Amino acid sequence: MAYTLQQLSDLEDIRTVKHRYFRSIDTADQAVLETLFTDDVSVEYRGGGYFVQLEGAAKMVDFLMNSFNATAVAMHHGHMPDITLIGDDEAEGIWYLEDIFISLDRKDVTTGTAIYRDRYRRVDGQWKIARTEYDRIMEVVQPLTDAMKITVHHLGKVGRKLEDCSDISHLITWYDKAA
């Protein structure tokens, strides 16, 4: 199938939205996060020991800013985008996630991969994430040991301090998958 110049531009804009999402999580860039989601965004994250479900852009940004706070160290990479335009103003995308999340308060390191399935919608000329979900492919949680030295901690400087975080426990169901 041959793409039009507009379709090629749309595909690139959608990739850019997802790249901004990953970068803004890891850098606690709330101003950028606030531009990435439709007002009615729906979210489901299914991990090895958790399930997150929420709706609405404000809840999504709050969830991310509280999750990636000053006690977290994070790295998210989205690879191999598979984007399908399903209309002039709608698209679907599949991304392969590779991430590392270090929780300094829980003293653990989570390394994993997941498959994101997204829905995008153009709103006022801008592509935004209308639905995002992932299922973990692999997840390994290990204790943070004294031998592991964190020499740079960007979220420690720019992320929300614990005393400024709000309670998001109602958005997360924790469970022991081994049980």
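Is Y45 buried or exposed, and what is its relative accessible area? In this predicted model, in which local features need pLDDT of at least 70, side-chain atom pairs count only at pLDDT 80 or more and totals for chains, interfaces and linings use all residues, Y45 is buried, with a relative accessible area of 4%. Buried denotes under 20% relative accessible area, exposed over 50% and partly exposed in between (1.4 Å probe, protein chains only). Residues are numbered from 1 along each chain as its sequence is written, and side-chain values use heavy atoms, with hydrogens and water left out.

Aromatic pairs were assigned to rings of Phe, Tyr and Trp (its six-membered ring) with centres within 6.5 Å; planes under 30 degrees apart count as stacked, over 60 as edge-to-face and the rest as tilted. The count under this rule is 11 aromatic pairs. One of these, between Y45 and F63, is tilted, at 6.5 Å centre to centre and 45° between the planes. Because Y45 belongs to strand β1 (residues 37-46) and F63 to helix α3 (residues 57-67), this pair ties together parts 18 residues apart in sequence. Helices (H or I, at least four residues) and strands (E, at least two) are DSSP runs, numbered from the N terminus. F63 is also buried, at 6% relative accessible area.

Y45 and Y134 form a stacked pair, since the ring centres are 4.5 Å apart and the planes lie at 15°. Here Y45 in strand β1 is linked to Y134 in strand β6 (residues 126-143), 89 residues apart. Y134 is buried, with a relative accessible area of 7%.

Ring pairs join Y21, F22, F37, Y45, F63, W95, Y116 and Y134 into a cluster.
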